[in-house]
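This report goes through one protein chain, part by part. Please keep the sequence and the model at hand while reading.

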Amino acid sequence: MFRSKISTILNSLLGAGLTLGAVDAFAAWSVNMDPGVTPISHAVFNLHTLLMWVSVAIGVGVFGVMFWSILHHRKSKGVVPAKFSHSTIVEVVWTTIPFLILIGTAIPATKAIILMEETGEADMTIKITGYQWKWKYEYLDEDISFFSNLAADSREVSGMGGDPTNVKNYLLAVDNELVVPVNKRIRFLITADDVIHSWWVPKFGMKRDAIPGFMNEMWASIDTPGTYRGQCTELCGKDHGYMPIVVVAKSEAEYRQWVAQKQGAAKAEQAAAGKTWGKAELLARGEQVYNTSCAACHQAGGAGIPGVFPAITGSAIATGPLDAHLDIVMNGKKGTAMQAFAAQLGDTDIAAVVSYQRNALGNSVGDSVQPSDVKAKRR
Ligand SMILES: [Cu+2]
(Lines give C-alpha, C1' and ligand atoms only; values in the text may rest on other atoms or scores of the structure.)
Protein backbone atom coordinates (compact mmCIF):
# COMPACT_ATOMS: atom_id res chain seq x y z
CA MET A 1 0.00 0.00 0.00
CA PHE A 2 2.64 2.46 1.23
CA ARG A 3 5.10 1.19 -1.36
CA SER A 4 2.63 1.67 -4.18
CA LYS A 5 1.96 5.19 -2.99
CA ILE A 6 5.67 6.01 -3.12
CA SER A 7 5.84 4.41 -6.54
CA THR A 8 2.96 6.60 -7.72
CA ILE A 9 4.64 9.73 -6.43
CA LEU A 10 8.02 8.76 -7.88
CA ASN A 11 6.36 7.96 -11.17
CA SER A 12 4.63 11.29 -11.38
CA LEU A 13 7.82 13.14 -10.48
CA LEU A 14 10.21 11.24 -12.72
CA GLY A 15 7.93 9.50 -15.17
CA ALA A 16 5.97 12.54 -16.21
CA GLY A 17 9.00 14.08 -17.80
CA LEU A 18 10.98 11.03 -18.81
CA THR A 19 8.67 8.22 -19.85
CA LEU A 20 5.96 9.79 -21.90
CA GLY A 21 2.78 7.77 -21.97
CA ALA A 22 4.34 4.83 -20.18
CA VAL A 23 1.82 3.02 -18.06
CA ASP A 24 3.23 -0.43 -17.38
CA ALA A 25 4.67 -1.41 -14.01
CA PHE A 26 8.26 -1.41 -15.21
CA ALA A 27 8.05 2.09 -16.57
CA ALA A 28 7.00 3.28 -13.13
CA TRP A 29 10.55 2.53 -11.98
CA SER A 30 12.43 3.56 -15.11
CA VAL A 31 14.57 6.28 -13.61
CA ASN A 32 17.19 6.17 -16.34
CA MET A 33 16.92 7.73 -19.76
CA ASP A 34 15.26 5.76 -22.57
CA PRO A 35 17.84 4.32 -25.02
CA GLY A 36 15.32 4.77 -27.86
CA VAL A 37 15.31 3.12 -31.29
CA THR A 38 17.47 5.27 -33.59
CA PRO A 39 21.23 5.91 -34.00
CA ILE A 40 20.71 9.43 -32.61
CA SER A 41 18.85 8.22 -29.53
CA HIS A 42 21.56 5.58 -28.93
CA ALA A 43 24.29 8.22 -29.27
CA VAL A 44 22.47 10.51 -26.85
CA PHE A 45 21.97 7.67 -24.39
CA ASN A 46 25.64 6.65 -24.52
CA LEU A 47 26.76 10.26 -24.13
CA HIS A 48 24.44 10.64 -21.17
CA THR A 49 25.85 7.48 -19.57
CA LEU A 50 29.47 8.58 -20.16
CA LEU A 51 28.87 12.05 -18.72
CA MET A 52 27.06 10.58 -15.74
CA TRP A 53 30.05 8.36 -14.83
CA VAL A 54 32.50 11.22 -15.40
CA SER A 55 30.40 13.31 -13.02
CA VAL A 56 30.30 10.46 -10.50
CA ALA A 57 34.12 10.17 -10.63
CA ILE A 58 34.52 13.93 -10.16
CA GLY A 59 32.03 13.89 -7.29
CA VAL A 60 33.74 11.00 -5.52
CA GLY A 61 37.19 12.61 -6.00
CA VAL A 62 36.23 16.12 -4.86
CA PHE A 63 34.06 15.09 -1.92
CA GLY A 64 36.58 12.39 -0.95
CA VAL A 65 39.41 14.91 -0.64
CA MET A 66 37.11 17.36 1.11
CA PHE A 67 35.86 14.93 3.78
CA TRP A 68 39.33 13.46 4.27
CA SER A 69 40.72 16.98 4.81
CA ILE A 70 37.99 17.89 7.27
CA LEU A 71 38.44 14.70 9.28
CA HIS A 72 42.21 14.58 9.40
CA HIS A 73 42.88 18.25 9.99
CA ARG A 74 40.24 18.98 12.56
CA LYS A 75 40.93 21.40 15.40
CA SER A 76 40.40 18.79 18.13
CA LYS A 77 43.48 16.98 16.80
CA GLY A 78 45.48 20.13 17.41
CA VAL A 79 46.18 20.87 13.76
CA VAL A 80 47.55 24.34 13.11
CA PRO A 81 46.34 26.13 9.92
CA ALA A 82 48.90 26.66 7.16
CA LYS A 83 49.70 30.31 6.43
CA PHE A 84 50.52 30.19 2.67
CA SER A 85 48.28 32.14 0.28
CA HIS A 86 49.37 30.91 -3.13
CA SER A 87 50.42 27.64 -4.77
CA THR A 88 51.34 27.65 -8.45
CA ILE A 89 51.40 23.85 -8.59
CA VAL A 90 47.86 23.52 -7.24
CA GLU A 91 46.59 26.19 -9.62
CA VAL A 92 48.17 24.47 -12.62
CA VAL A 93 46.69 21.13 -11.54
CA TRP A 94 43.17 22.45 -10.97
CA THR A 95 43.23 24.21 -14.31
CA THR A 96 44.68 21.34 -16.31
CA ILE A 97 42.46 18.53 -15.02
CA PRO A 98 39.11 20.25 -15.77
CA PHE A 99 40.52 21.33 -19.14
CA LEU A 100 41.30 17.72 -20.04
CA ILE A 101 37.91 16.54 -18.78
CA LEU A 102 36.13 19.18 -20.87
CA ILE A 103 38.07 18.30 -24.02
CA GLY A 104 37.52 14.60 -23.33
CA THR A 105 33.74 15.03 -23.10
CA ALA A 106 33.46 17.64 -25.87
CA ILE A 107 34.75 15.14 -28.43
CA PRO A 108 31.91 12.57 -28.07
CA ALA A 109 29.39 15.41 -27.59
CA THR A 110 30.45 17.02 -30.87
CA LYS A 111 30.27 13.64 -32.61
CA ALA A 112 26.68 13.25 -31.40
CA ILE A 113 25.74 16.73 -32.64
CA ILE A 114 27.32 16.06 -36.04
CA LEU A 115 25.38 12.78 -36.23
CA MET A 116 22.15 14.69 -35.59
CA GLU A 117 22.84 17.25 -38.29
CA GLU A 118 23.83 14.77 -41.00
CA THR A 119 20.51 14.63 -42.81
CA GLY A 120 21.83 13.95 -46.32
CA GLU A 121 21.72 10.73 -48.36
CA ALA A 122 18.33 9.61 -47.13
CA ASP A 123 16.43 6.57 -48.45
CA MET A 124 13.17 8.50 -48.27
CA THR A 125 11.90 11.96 -47.40
CA ILE A 126 8.77 12.90 -45.47
CA LYS A 127 7.60 16.49 -45.18
CA ILE A 128 5.88 17.33 -41.90
CA THR A 129 3.71 20.43 -41.54
CA GLY A 130 2.26 21.58 -38.22
CA TYR A 131 -1.22 23.11 -38.23
CA GLN A 132 -3.50 24.28 -35.44
CA TRP A 133 -3.99 21.47 -34.32
CA LYS A 134 -2.92 18.55 -36.42
CA TRP A 135 0.03 17.31 -38.46
CA LYS A 136 0.26 16.86 -42.20
CA TYR A 137 2.55 14.17 -43.61
CA GLU A 138 3.71 14.15 -47.23
CA TYR A 139 5.73 11.23 -48.56
CA LEU A 140 7.67 13.03 -51.25
CA ASP A 141 8.77 9.82 -53.03
CA GLU A 142 5.40 8.04 -52.94
CA ASP A 143 2.92 10.80 -53.76
CA ILE A 144 1.11 10.10 -50.49
CA SER A 145 -0.18 12.92 -48.31
CA PHE A 146 -2.60 13.03 -45.41
CA PHE A 147 -3.52 14.78 -42.18
CA SER A 148 -3.11 13.17 -38.79
CA ASN A 149 -5.73 14.29 -36.25
CA LEU A 150 -6.33 13.41 -32.63
CA ALA A 151 -8.19 10.06 -32.39
CA ALA A 152 -11.98 10.39 -32.20
CA ASP A 153 -12.35 8.62 -28.82
CA SER A 154 -9.87 11.00 -27.16
CA ARG A 155 -11.58 14.01 -28.71
CA GLU A 156 -15.05 12.93 -27.62
CA VAL A 157 -14.05 12.42 -24.01
CA SER A 158 -12.02 15.63 -23.77
CA GLY A 159 -14.75 17.73 -25.35
CA MET A 160 -17.61 16.29 -23.33
CA GLY A 161 -16.00 16.23 -19.90
CA GLY A 162 -16.09 12.42 -20.00
CA ASP A 163 -13.91 9.91 -18.18
CA PRO A 164 -10.55 9.38 -19.93
CA THR A 165 -9.51 6.32 -17.89
CA ASN A 166 -11.22 3.96 -20.35
CA VAL A 167 -9.74 5.57 -23.46
CA LYS A 168 -6.69 3.70 -24.72
CA ASN A 169 -3.69 6.02 -25.22
CA TYR A 170 -5.76 9.02 -24.24
CA LEU A 171 -4.51 12.11 -26.14
CA LEU A 172 -1.68 10.00 -27.58
CA ALA A 173 -3.56 8.35 -30.47
CA VAL A 174 -4.39 9.66 -33.96
CA ASP A 175 -6.70 8.75 -36.84
CA ASN A 176 -3.93 8.44 -39.47
CA GLU A 177 -0.57 7.22 -38.23
CA LEU A 178 2.76 8.01 -39.85
CA VAL A 179 3.76 4.60 -41.24
CA VAL A 180 7.44 4.07 -42.10
CA PRO A 181 9.78 1.16 -42.86
CA VAL A 182 12.42 0.04 -40.33
CA ASN A 183 16.15 0.31 -41.03
CA LYS A 184 15.71 2.97 -43.71
CA ARG A 185 17.29 6.37 -43.40
CA ILE A 186 14.30 8.70 -43.31
CA ARG A 187 14.76 12.44 -43.72
CA PHE A 188 12.06 14.61 -42.17
CA LEU A 189 11.51 18.13 -43.51
CA ILE A 190 9.67 20.05 -40.81
CA THR A 191 7.70 23.28 -41.16
CA ALA A 192 4.42 24.87 -40.04
CA ASP A 193 1.48 26.57 -41.66
CA ASP A 194 0.32 28.96 -38.94
CA VAL A 195 2.25 29.27 -35.66
CA ILE A 196 5.36 27.56 -34.26
CA HIS A 197 4.89 23.87 -33.41
CA SER A 198 7.54 21.28 -32.63
CA TRP A 199 7.71 17.64 -33.71
CA TRP A 200 8.90 15.32 -30.95
CA VAL A 201 9.03 11.56 -30.65
CA PRO A 202 11.04 10.78 -27.48
CA LYS A 203 12.15 7.33 -28.73
CA PHE A 204 13.88 9.01 -31.71
CA GLY A 205 16.06 11.06 -29.38
CA MET A 206 15.35 14.37 -31.11
CA LYS A 207 12.81 17.07 -31.70
CA ARG A 208 12.65 19.87 -34.23
CA ASP A 209 10.74 23.13 -34.22
CA ALA A 210 8.17 23.52 -36.98
CA ILE A 211 8.33 27.19 -37.94
CA PRO A 212 6.24 28.92 -40.63
CA GLY A 213 8.48 29.94 -43.53
CA PHE A 214 11.41 27.77 -42.43
CA MET A 215 12.29 24.21 -43.38
CA ASN A 216 14.03 22.35 -40.57
CA GLU A 217 15.57 18.93 -41.00
CA MET A 218 15.87 15.82 -38.89
CA TRP A 219 16.51 12.17 -39.59
CA ALA A 220 15.82 8.76 -38.14
CA SER A 221 16.55 5.15 -38.95
CA ILE A 222 14.33 3.04 -36.72
CA ASP A 223 15.90 -0.26 -35.68
CA THR A 224 12.87 -1.92 -34.03
CA PRO A 225 9.36 -2.34 -35.47
CA GLY A 226 6.74 -0.83 -33.20
CA THR A 227 4.49 2.11 -32.40
CA TYR A 228 6.18 5.26 -31.16
CA ARG A 229 4.21 8.11 -29.66
CA GLY A 230 5.07 11.76 -29.29
CA GLN A 231 3.54 15.19 -29.02
CA CYS A 232 3.73 18.74 -30.25
CA THR A 233 6.21 20.30 -27.87
CA GLU A 234 5.86 24.01 -28.58
CA LEU A 235 2.89 25.76 -26.99
CA CYS A 236 0.76 26.52 -30.05
CA GLY A 237 -2.66 27.58 -28.82
CA LYS A 238 -5.82 26.22 -27.30
CA ASP A 239 -5.45 22.58 -28.46
CA HIS A 240 -1.66 22.29 -28.18
CA GLY A 241 -2.12 19.16 -26.07
CA TYR A 242 -4.45 17.66 -28.67
CA MET A 243 -2.08 17.12 -31.61
CA PRO A 244 -0.17 13.95 -30.76
CA ILE A 245 2.24 12.12 -33.06
CA VAL A 246 2.09 8.39 -33.72
CA VAL A 247 4.76 6.69 -35.83
CA VAL A 248 4.32 3.04 -36.79
CA ALA A 249 7.53 1.34 -37.96
CA LYS A 250 6.96 -1.75 -40.10
CA SER A 251 9.05 -4.22 -42.08
CA GLU A 252 9.81 -3.17 -45.65
CA ALA A 253 7.23 -5.66 -47.06
CA GLU A 254 4.47 -4.48 -44.73
CA TYR A 255 5.33 -0.89 -45.48
CA ARG A 256 5.03 -1.53 -49.26
CA GLN A 257 1.62 -3.10 -48.63
CA TRP A 258 0.53 -0.02 -46.69
CA VAL A 259 1.74 2.27 -49.49
CA ALA A 260 -0.26 0.31 -52.09
CA GLN A 261 -3.36 0.43 -49.90
CA LYS A 262 -2.97 4.15 -49.27
CA GLN A 263 -2.54 4.89 -52.97
CA GLY A 264 -5.58 2.74 -53.76
CA ALA A 265 -7.67 4.66 -51.23
CA ALA A 266 -6.61 7.94 -52.86
CA LYS A 267 -7.82 6.65 -56.24
CA ALA A 268 -11.17 5.56 -54.75
CA GLU A 269 -11.49 9.00 -53.20
CA GLN A 270 -10.96 10.61 -56.59
CA ALA A 271 -13.65 8.42 -58.12
CA ALA A 272 -16.06 9.36 -55.30
CA ALA A 273 -15.49 13.06 -56.00
CA GLY A 274 -16.67 12.47 -59.58
CA LYS A 275 -20.14 11.15 -58.71
CA THR A 276 -23.25 13.02 -57.62
CA TRP A 277 -23.85 12.60 -53.90
CA GLY A 278 -27.24 12.10 -52.24
CA LYS A 279 -27.99 14.61 -49.50
CA ALA A 280 -28.11 12.05 -46.66
CA GLU A 281 -24.69 10.56 -47.43
CA LEU A 282 -23.28 14.04 -47.88
CA LEU A 283 -24.50 15.10 -44.43
CA ALA A 284 -23.26 11.88 -42.79
CA ARG A 285 -19.79 12.47 -44.20
CA GLY A 286 -20.00 16.16 -43.36
CA GLU A 287 -20.59 15.35 -39.71
CA GLN A 288 -17.36 13.31 -39.61
CA VAL A 289 -15.37 16.04 -41.30
CA TYR A 290 -16.85 18.66 -39.01
CA ASN A 291 -15.95 16.71 -35.89
CA THR A 292 -12.34 16.09 -36.91
CA SER A 293 -11.54 19.39 -38.65
CA CYS A 294 -13.84 22.12 -37.34
CA ALA A 295 -15.26 21.20 -33.92
CA ALA A 296 -12.04 22.08 -32.05
CA CYS A 297 -12.87 25.75 -32.67
CA HIS A 298 -16.55 25.95 -33.65
CA GLN A 299 -17.47 23.29 -31.01
CA ALA A 300 -19.31 20.00 -31.49
CA GLY A 301 -22.78 21.57 -31.31
CA GLY A 302 -21.83 24.57 -33.48
CA ALA A 303 -22.07 27.13 -30.67
CA GLY A 304 -18.48 28.33 -31.06
CA ILE A 305 -16.71 30.15 -28.22
CA PRO A 306 -18.07 33.70 -27.86
CA GLY A 307 -15.47 36.30 -28.70
CA VAL A 308 -12.98 33.74 -30.04
CA PHE A 309 -14.58 31.34 -32.53
CA PRO A 310 -17.90 32.34 -34.12
CA ALA A 311 -20.95 30.08 -33.84
CA ILE A 312 -21.99 28.13 -36.93
CA THR A 313 -25.52 27.85 -35.56
CA GLY A 314 -27.37 30.86 -36.99
CA SER A 315 -24.18 32.26 -38.56
CA ALA A 316 -24.92 34.81 -41.28
CA ILE A 317 -22.32 33.15 -43.50
CA ALA A 318 -23.38 29.53 -42.90
CA THR A 319 -27.02 30.42 -43.53
CA GLY A 320 -26.36 33.03 -46.24
CA PRO A 321 -25.36 32.73 -49.91
CA LEU A 322 -23.57 29.48 -50.70
CA ASP A 323 -20.73 31.19 -52.51
CA ALA A 324 -19.53 33.21 -49.52
CA HIS A 325 -19.79 30.13 -47.29
CA LEU A 326 -17.68 28.04 -49.68
CA ASP A 327 -15.26 30.93 -49.99
CA ILE A 328 -14.44 31.27 -46.28
CA VAL A 329 -14.09 27.50 -45.86
CA MET A 330 -11.84 27.07 -48.90
CA ASN A 331 -9.75 30.23 -48.61
CA GLY A 332 -9.96 30.93 -44.89
CA LYS A 333 -9.73 34.42 -43.49
CA LYS A 334 -6.28 36.01 -43.40
CA GLY A 335 -5.07 37.08 -40.00
CA THR A 336 -7.52 34.85 -38.10
CA ALA A 337 -7.44 31.23 -36.95
CA MET A 338 -9.83 30.33 -39.80
CA GLN A 339 -7.55 28.35 -42.12
CA ALA A 340 -7.80 27.84 -45.88
CA PHE A 341 -9.22 24.33 -46.03
CA ALA A 342 -8.88 24.09 -49.82
CA ALA A 343 -5.33 22.82 -49.29
CA GLN A 344 -6.29 20.51 -46.43
CA LEU A 345 -9.49 18.76 -47.52
CA GLY A 346 -10.55 17.06 -50.75
CA ASP A 347 -13.49 18.20 -52.87
CA THR A 348 -15.84 15.66 -51.30
CA ASP A 349 -14.92 16.61 -47.73
CA ILE A 350 -15.41 20.32 -48.38
CA ALA A 351 -18.75 19.75 -50.13
CA ALA A 352 -19.85 17.49 -47.27
CA VAL A 353 -18.86 19.80 -44.42
CA VAL A 354 -20.37 22.90 -46.02
CA SER A 355 -23.62 21.00 -46.69
CA TYR A 356 -23.53 19.79 -43.09
CA GLN A 357 -23.09 23.28 -41.64
CA ARG A 358 -26.04 24.54 -43.69
CA ASN A 359 -28.39 21.72 -42.73
CA ALA A 360 -27.37 20.66 -39.22
CA LEU A 361 -26.04 22.26 -36.01
CA GLY A 362 -29.38 24.08 -35.74
CA ASN A 363 -29.32 25.41 -39.32
CA SER A 364 -31.78 24.35 -42.04
CA VAL A 365 -31.00 26.25 -45.23
CA GLY A 366 -32.06 23.34 -47.42
CA ASP A 367 -29.48 23.52 -50.24
CA SER A 368 -26.34 21.41 -50.53
CA VAL A 369 -23.02 21.34 -52.39
CA GLN A 370 -21.57 18.72 -54.71
CA PRO A 371 -17.84 17.88 -54.94
CA SER A 372 -17.95 19.10 -58.54
CA ASP A 373 -19.03 22.57 -57.29
CA VAL A 374 -15.98 22.66 -55.04
CA LYS A 375 -13.74 21.53 -57.86
CA ALA A 376 -15.05 24.32 -60.06
CA LYS A 377 -14.22 26.88 -57.37
CA ARG A 378 -10.59 25.78 -56.94
CA ARG A 379 -8.09 28.13 -58.47
CU1 LIG B 1 1.45 22.46 -32.04
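## Helix α9

The buried residues of α9 are D347, T348, D349, I350, A351, A352, V353, V354, S355, Y356, Q357 and R358. The model is a predicted one. With 12 of its 13 residues buried, α9 is largely enclosed by the rest of the structure. The cover over these buried residues includes α6 (252–274), α7 (279–298), α8 (322–331) and α10 (371–377).

Helix α9 takes in residues 347–359, and at 1.5 Å a residue its 13 residues should span 18 Å. After α9 comes L361, which has a positive phi, near 55°.

## Two loop residues

Is A318 buried or exposed? A318 has 25 other C-beta atoms within 10 Å, and it is therefore buried, the cut-off being 20 or more. A318 sits in the loop between α7 and α8. Leaving aside neighbours within four places in sequence, A318 is in contact with I312, H325, Q357, R358 and N363. The C-alpha atom of A318 is separated by 39 Å from that of V201, and the two residues are 117 residues apart along the chain.

K333 belongs to the loop between α8 and α9. K333 counts as exposed because it has 11 C-beta neighbours inside 10 Å, where the limit for exposed is 12 or fewer. Its contacts, leaving aside neighbours within four places in sequence, are with I328 and M338.

## The five-stranded sheet

What is the order of the strands in the open sheet of 5 strands? The order is β4-β10-β9-β6-β7, and the pairing is mixed. At the edges stand β4 (178–181) and β7 (206–210); each has a single partner strand, so one side of each is left without a neighbour in the sheet. From one strand to the next, the twist averages 25°.

Strands of a sheet pair through backbone hydrogen bonds, in either the parallel or the antiparallel sense. Here β4 and β10 run parallel and are joined by 4 bridges; P181 has K250 in β10 as its bridge partner. Strand β9 (residues 226–232) runs antiparallel to β10, with 5 bridges joining them, and G230 stands opposite I245 in β10. Strand β6 (residues 197–201) pairs with β7 in the antiparallel sense, also over 5 bridges. The bridge partner of V201 in β7 is M206.

Helix α6 lies across β4 and β10 (245–250) and runs at about 140° to β4. The cover over the buried residues of α9 also includes α6.

## Domains

The domain assignment divides the protein chain into domain 1 (39–117), domain 2 (124–268) and domain 3 (275–377). The centres of domain 2 and domain 3, taken over C-alpha atoms, are separated by 25 Å.

How many residues of domain 2 are in contact with domain 3? The count is 9 residues of domain 2, in contact with 6 residues of domain 3. On the domain 2 side, the touching residues divide into 3 nonpolar, 3 polar and 3 charged.

Terms used: Residues numbered from 1 in each chain as written. Predicted model: local features only at pLDDT ≥ 70, side-chain atom pairs only at ≥ 80, totals over all residues. Expected span 1.5 Å × (residues − 1). Contact = placed C-beta atoms within 7 Å. Domains from an automatic or database assignment. Nonpolar A, V, L, I, M, F, W, Y, C, P; charged D, E, K, R; others polar. Pairing = 2+ DSSP bridges. Axes fitted to C-alpha atoms, helices over the stretch in contact; angles between N-to-C directions.
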